[in-house]
Amino acid sequence: MKELVKVENLKKSFGKISALRGATLTLEERQQYVVRGASGSGKSTLLHLLAGLDRPSGGKIWVAGKDLAKYSDKELGRYRNQFIGLVFQFHFLLPSMDCLSNVLLPARIGNVSVDKVKQKVLDLAAQLGVVHCLGKFPYELSGGEQQRINIIRAISLEPKLILCDEPTGSLDSDNTDKVVDLLKDLASHTESTLVVVTHDDKVARQFPNKFFIQDGVVVN
Ligand code: ADP
Ligand code: MG
């Protein structure tokens, strides 16, 4: 198995608070991981740093052999757009745009052919049963529909690393199952690495690879 992500002694402080105190872990290509840990243990901080949304206070992150610290802000933006798919508990769909425009946004930002991505988005929407949502605004959708549209947007450019922070935290048990199955299927289809942070035991059981974070370090 090939390594996709290597995190070494990763640290992140916010003023006096140490959110990460030397986290070390490796993620392999095409594998699916669950991350668990108490609230405040540093899970979201870890995902944010992996996604290039923020920079560490110490330690290293290599993704596909590249040291993220060497990226300029512009390169980090491109990395986020092309390499990372991010799914949060609450969607960040733009309220002023219909869902189709929302899901095509990463392609527009990344100067990727919108026509090509559009076909994929339509296929995904059909597969997920949300074609009827594409012409609607996010507020017109149910929570489960919003999260499916959100996921389509996150993976529309086939990112190699899909990072999900409590993606089912606001869903009922029916939609939770659907969203987890969907993430797993999509990630295997695109041969991406999937990382899911969850508090839900039932979700966690569906992942053979587990990480535990405690007080800002990975313990196993
Ligand atoms: P988790 O996702 O495991 O609940 P977080 O990574 O969100 O934990 O937070 C870890 C610690 O860092 C917490 O004490 C939290 O309050 C703090 N923290 C996280 N982000 C910030 C921030 N932007 N500013 C200040 N403190 C933060
Ligand atoms: Mg969190």
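A residue is near a molecule if one of its heavy atoms lies within 4 Å of it. By that criterion, ligand 1 is surrounded by F14, I17, A19, A38, S39, G40, S41, G42, K43, S44 and T45. The model is predicted: local features need pLDDT of at least 70, side-chain atom pairs count only at pLDDT 80 or more, and totals for chains, interfaces and linings use all residues. Residues are numbered from 1 along each chain as its sequence is written, chains are lettered from A and ligands numbered from 1 in the order in which they are written, and side-chain values use heavy atoms, with hydrogens and water left out.

**Ligand 1**

- The shell around ligand 1 divides into four nonpolar, six polar and one charged residue, where Ala, Val, Leu, Ile, Met, Phe, Trp, Tyr, Cys and Pro count as nonpolar, Asp, Glu, Lys and Arg as charged, and the others, Gly among them, as polar.
- Two elements, β2 (17-28) and α1 (43-50), each supply at least two residues of this shell; helices (H or I, at least four residues) and strands (E, at least two) are DSSP runs, numbered from the N terminus.
- With three residues, α1 gives the most to the shell.
- Oxygen atoms of ligand 1 come within 2.8 Å of a side-chain N or O atom in K43, 2.8 Å in S44 and 2.5 Å in T45.
- Ligand 1 taken alone exposes 560 Å², of which the protein buries 59%; accessible areas come from the Shrake-Rupley method with a 1.4 Å probe, and for residues only the protein chains shown count as cover.

**Nonpolar cores**

- A nonpolar core is a set of buried Ala, Val, Leu, Ile, Met, Phe, Trp, Tyr and Cys residues joined through side-chain atoms within 4.5 Å.
- The largest such core has 36 residues, and I149, I152 and L194 have the most contacts inside it.
- At least two residues of this core come from each of α3 (99-109), α4 (114-128), α5 (143-155), β7 (161-165), α6, β8 (193-197) and α7 (201-204).
- The largest share, six residues, is supplied by α6.
- A second, separate core of 30 residues includes V7, L76, F83 and V218.
- Leaving aside neighbours within four places in sequence, I152 is in contact (heavy atoms within 4.5 Å) with V103, V121, L124, A125, L128 and V130.

- D177 is found in α6 (residues 173-189) and is partly exposed, at 27% relative accessible area; buried means under 20%, exposed over 50%, and partly exposed in between (1.4 Å probe, protein chains only).
- The side chain of D177 makes a polar contact with the side chain of K202 at 3.0 Å; a polar contact is a pair of N or O atoms within 3.5 Å, and within protein one must be able to donate a hydrogen and the other to accept it, while residues adjacent in sequence count only if both atoms are side-chain atoms.
- D177 and V203 are 26 residues apart in sequence, with 7.7 Å between their C-alpha atoms.
- T168, in the loop between β7 and α6, counts as buried at 7% relative accessibility.
- Beyond four places in sequence, T168 is in contact with T176, V179, V180 and V203.
- D201 lies in α7 and is partly exposed at 45%.

**Backbone**

- Most residues other than glycine have a negative phi.
- R30, in the loop between β2 and β3 (32-36), has a positive phi of about 65°.
- A64, in the loop between β4 (58-63) and β5 (66-67), has a positive phi of about 50°.
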